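Visitor: I have a protein open on my screen and some questions about it. Can we go through them one by one?

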Amino acid sequence: MKIATFNINNVNKRLPNLLAWLRSAKPDVVCLQELKSTQADFPEEALRKAGYSAAWVGQKSWNGVAILARKAEIVVTRKRLPGDPKDNEARYIEAAVSGIIIASIYAPNGNPQPGPKFDAKLAWLKRLNRNSAKLLKSGAPVVLAGDYNVVPTPHDIYPTKSWSKDALVQPEPRALFAALLKQGWTDALREMHPDDAPYTFWTYWRNRFEQDKGLRLDHLLLDPSLAPGLKRAGVDRQVRAAENASDHAPAWIVLD
């Protein structure tokens with residue numbers, strides 16, 4: 001079973017890129033983030049013709065998350081991250097697919113920091129940790145996939161000081177990501193690439209992609225029952241090189 005996560009950065013604008021990648025990579029399940037599409041404007045029909053059913057939570061101009069499945073039913077179990085009834089941002093969707101609970105996650109960026117946006121990022125990540133702990137206790141096999149907007153360690157970003165004040169690399173979100181792993185989740189990319197886990201994001205400016213000055217923001221976390229079945233994990237870096245590409249590349253795992 002191949003499961004992928006891809007911050008598409010506008011699903012309608014980059015639909016040809018998405019369809020081309022689906023044809024070549026043939027993932028069984030895909031978690032999408034940053035749809036930048038309303039609920040009504042999501043390209044369900046085009047994806048259906050490509051062989052994928054979909055469940056999604058859209059949001060005008062920003063945010064938005066989805067789960068796609070090839071030859072499998074999607075049973076949505078949650079459309080919002082619990083813990084804050086005032087949260088109306090489309091950043092989390094969870095569903096059962098082929099016997100696995102899969103969450104598509106799009107955590108807040110948190111910039112500028114310090115400030116209210118950074119505080120909201122930390123609060124959201126704390127809620128994610130609480131919900132993830134409950135998922136672990138459920139005993140169901142679970143994959144938490146998405147754009148966490150956290151660079152977990154200094155080894156997950158190219159050597160630089162230019163990001164030192166950015167919300168993505170601050171000690172507080174890094175500590176929350178580490179606490180998530182301490183619950184028992186396995187960081188699949190790091191597990192398969194302990195010394196050189198591949199980047200998943202490169203900014204559009206200053207030839208950062210061409211120079212491979214990237215960050216690892218997109219993660220697939222596995223519960224203890226699935227971790228032993230992890231066979232491969234990687235990033236389809238070439239997708240970032242295409243015309244009209246997202247600034248992220250798809251990250252994926254293969255489970256036995």
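Guide: Start with W205. This is a predicted model, and in it W205 counts as partly exposed, at 43% relative accessibility.

Visitor: And W163, is that one buried or exposed?

Guide: W163 is buried, with a relative accessible area of 10%. Under 20% is what buried means here.

Visitor: How many aromatic pairs does a search of the whole structure find?

Guide: The search finds five. One of them is formed by W163 and W205, and that pair is stacked. The distance is 6.3 Å centre to centre, with 20° between the planes.

Visitor: Why give both a distance and an angle?

Guide: Because a pair of aromatic rings is described by the distance of the centres and the angle of the planes.

Visitor: OK. Where do W163 and W205 lie?

Guide: W163 is in the loop between β8 (142–147) and α4 (171–182), while W205 is in the loop between α5 (188–192) and β10 (218–222). The pair therefore ties together parts that are 42 residues apart in sequence.

Visitor: What about W202 and F209, what kind of pair are they?

Guide: Their planes are at 90°, so the pair is edge-to-face. The ring centres of W202 and F209 are 5.2 Å apart.

Visitor: Are those two buried or exposed?

Guide: Both W202 and F209 are buried.

Visitor: Changing topic. Where is H155?

Guide: H155 sits in the loop between β8 and α4. H155 is exposed, with a relative accessible area of 67%.

Visitor: How far are the C-alpha atoms of H155 and D196 from each other?

Guide: They are separated by 7.9 Å. Along the chain, H155 and D196 are 41 residues apart.

Visitor: Now D256. Where is that?

Guide: D256 belongs to the segment after β12 (251–255). At 75% relative accessibility, D256 counts as exposed.

Visitor: What does D256 touch?

Guide: Leaving aside residues up to four places away in sequence, D256 touches G229 and K231. The C-alpha atom of D256 is also 8.7 Å from that of L226, a residue 30 places away along the chain.

Visitor: Zooming out, how many helices and strands does the chain have?

Guide: The protein chain has five helices and twelve strands. Its radius of gyration is 17 Å, close to the 18 Å that the globule rule gives for 256 residues, so the chain is as compact as a globular protein of that length.

Visitor: What box do the C-alpha atoms fill?

Guide: Roughly 45 × 45 × 40 Å, taken along the principal axes.

Visitor: And how much of the chain is buried?

Guide: Of the 256 residues, 55% count as buried. The chain exposes about 11400 Å², and carbon and sulfur atoms supply 52% of that area.

Visitor: What about contacts between residues at least 6 apart in sequence?

Guide: Among those contacts, 69% join residues at least 24 apart.

Visitor: Last one. How many charges are there?

Guide: There are 36 positive and 27 negative charges, and their mean positions are 2 Å apart.

Technical notes: Residues numbered from 1 in each chain as written. Predicted model: local features only at pLDDT ≥ 70, side-chain atom pairs only at ≥ 80, totals over all residues. Heavy atoms only, no water. Helix = DSSP H or I, 4+ residues; strand = E, 2+ residues; numbered from the N terminus. Rg over C-alpha atoms; globule rule 2.2 N^0.38 Å. Buried < 20%, exposed > 50% of the residue type's maximum accessible area, 1.4 Å probe, protein only. Contact = heavy atoms within 4.5 Å. Areas by Shrake-Rupley, 256 points an atom, 1.4 Å probe, with all protein chains shown as cover. Lys, Arg positive; Asp, Glu negative; His and termini not counted. Charge placed at Lys NZ, Arg CZ, Asp CG, Glu CD. Phe/Tyr/Trp six-rings, centres within 6.5 Å; stacked < 30°, edge-to-face > 60°.
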